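Colleague: I am new to this structure and would like to learn how to read it feature by feature. Could you take me through it, giving the general idea before each case?

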Amino acid sequence: MEKQKSDRSLNSSSKASLNVNLKDMGKMVTYSTPNNKANIEDVTKELHCQLCHEWFTKPVMLTCSHNFCKACIEKSWRHHQKTVCPECLIPCQSKNFIPNTVLERLVMRLKDMPLTQAQPQCPEHGENLKLFNKQEGKLACFQCKDIRHSQEFMQITEAVQIYTGKLTTKQTQVEASLKELQRLKSVQEEAICAHKVICVSCSLEKGIEVLTPRDFNSRDLNLGKFKGPIQYMTWKEMQAILCPGLCLITLDPLTAHPNLVISEDRTSVWHGDVKQMIPDNPERFDSSVAVLGIEGYTNGKWYWEVEVARKTKWTVGVVRESINRKGCCPLTPMDGFWLLRLRNSIELKALDVPSFGMVLQNTLSKVGIYLDYDGGQVSFYNAEDMSHIYTFSSTFTEKLFPYFCPCLNDSGDNIEPLSIIHPFGISSDKQ
């Protein structure tokens, strides 16, 4: 009996001792991890490729026992045209290497372990973020607290408990409000249903009283009102509320390049071979074969369409009033140009920075141009189906004008004019 008690006492003592040691070991592991950060970094550094400095990907071992990513060593050999080890410069005959599957499995296990993950650090002081700043609502380090001498800092675990409690309280309040709203909704729906039943009954009763056979007589219908040009009448009614509607734009001859010919109604322009003897006023283009619309815009929304069918090249869009009209200059938004151009019949490009190019798959016959001055937007569309082509976003500070460039006629290959579509469908031919 004495021996059994002694054994039990010894076992209990051993277990207690073991528990204490395990706890102490746990504390040692828990608190020694940050101190061993340098050792962990040394270990993980050995598992990084010396060429790309990243974790090994499909590592291979050379005959000199050095390891590299398979893609990295092959790229190095192609670049230097030498099959040598980049680390020790020992030649590798016939580009020999073997897959290092052991190293690959080791990397896959270690790189996702918590000890190897980088902890978030303070961007100002480079220390680990272990505090929460209540005033600024963001994480901070101990050095932030020392500098600010503020009492608004707390441990992250404490902050999590506090804000979790607040969130739970808010959630309970929202759920209670939602429940009350659902109850009110049900009451309201029942009231609406009851009201509908009463209303339908009273309509039926009054209708039966006032309805006479004469009301069914088709001879009393106004044929002019119900069988007239309905589509046109509807369009006339809608025209007053369309915003923006199709603008009527006319060209300004004072801005036209001397080689440009403008139609009598000033809605079409094309390039002529003969340079006209006209004054070189400040508004006129002398290098770009371009012309502006006569009306400028300083606010509002505007939309117009330009017919470009059968042309091999052209440029259209919107420009600032203060653009350089003499000589050549960059046609970019920074210089006051928001333009779309066509070259070689199919090469379409928005002259943005960087530019946006595309190859036309279908014929582009009409281009729609939309200007929202206050919204800072210039957009281009295929006016046949209103499919979007490109949008510029800018801030406008001065008057803007429509811009038209039919380009050179190229000995007749590009002789067709740029024609502004009239809002009422009246087209303009060459005069």
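Colleague: Which residues form one aromatic cluster?

Modeller: In this predicted model, Phe356, Phe380, Tyr390 and Phe392 form one aromatic cluster. To see the surroundings of one member, take Phe380, which, once its neighbours within four places in sequence are left aside, is in contact with Val316, Gly317, Trp338, Leu339, Leu340, Val367, Gly368, Ile369, His388, Ile389, Tyr390 and Phe392.

Colleague: How should I read the nonpolar core, and which residues have the most contacts inside the largest one?

Modeller: In soluble globular proteins, nonpolar side chains tend to be buried together. Here the largest nonpolar core has 48 residues, and those with the most contacts inside it are Trp304, Trp314, Val316, Val367, Phe380, Tyr403 and Phe404. Another core lies apart from it, with 16 residues, among them Phe56, Cys69, Cys85 and Leu103.

Colleague: How many residues of strand E11 are buried, and with which strands does E11 pair?

Modeller: Strand E11, residues 314-320, is mostly covered, since six of its seven residues are buried. E11 pairs in the antiparallel sense with strand E12, residues 337-343, over six bridges, and in E12 the bridge partner of Val319 is Phe337. E11 also pairs with strand E18, residues 400-405, again in the antiparallel sense and over six bridges; there, the bridge partner of Val316 is Phe404.

Colleague: How do I read a pair of aromatic rings, and why is the pair of Phe285 and Tyr403 edge-to-face?

Modeller: The reading rests on the distance between the ring centres and the angle between the planes, with an angle over 60 degrees counting as edge-to-face. The count comes to 11 aromatic pairs. In the pair of Phe285 and Tyr403, the centres are 6.0 Å apart and the planes stand at 85°, so this pair is edge-to-face. The pair links distant parts of the chain, with Phe285 in the loop between strand E8 (268-271) and strand E9 (291-292), and Tyr403 in strand E18, 118 residues apart. Both Phe285 and Tyr403 are buried.

Colleague: What kind of pair do Tyr297 and Trp302 form, and is each of them buried or partly exposed?

Modeller: Tyr297 and Trp302 form a stacked aromatic pair, 4.4 Å centre to centre, with 25° between the planes. Tyr297 has a relative accessible area of 7% and is therefore buried, whereas Trp302, with a relative accessible area of 28%, is partly exposed.

Colleague: What is the strand order of the open sheet of three strands, and which helix lies across its strands?

Modeller: The three strands are ordered E2-E1-E3, with antiparallel pairing. Strand E2 (67-69) and strand E3 (97-99) stand at the edges, each with a single partner strand, so one side of each has no neighbour in the sheet. Three bridges join strand E1, residues 59-62, to E3, where the bridge partner of Met61 is Ile98. Helix H3, residues 70-80, lies across E1, E2 and E3, running at about 90° to E2.

Colleague: Where is Asn100 placed, and is Asn100 buried or exposed?

Modeller: Asn100 is in the loop between E3 and helix H4 (101-110), and at 13% relative accessibility Asn100 counts as buried. Not counting residues up to four places away in sequence, Asn100 touches Pro59, Val60, Met61 and Asn67.

Notes:
Residues are numbered from 1 along each chain as its sequence is written. This is a predicted model: local features need pLDDT of at least 70, side-chain atom pairs count only at pLDDT 80 or more; totals for chains, interfaces and linings use all residues. Side-chain values use heavy atoms; hydrogens and water are left out. Two strands pair if DSSP finds at least two bridges between them. Helices (H or I, at least four residues) and strands (E, at least two) are DSSP runs, numbered from the N terminus. Contact means heavy atoms within 4.5 Å. Axes are lines fitted to C-alpha atoms, for helices over the stretch in contact, and angles run from 0 to 180 degrees between N-to-C directions. A nonpolar core is a set of buried Ala, Val, Leu, Ile, Met, Phe, Trp, Tyr and Cys residues joined through side-chain atoms within 4.5 Å. Buried means under 20% relative accessible area, exposed over 50%, partly exposed in between (1.4 Å probe, protein chains only). Rings of Phe, Tyr and Trp (its six-membered ring) pair if their centres lie within 6.5 Å; planes under 30 degrees apart count as stacked, over 60 as edge-to-face and the rest as tilted.
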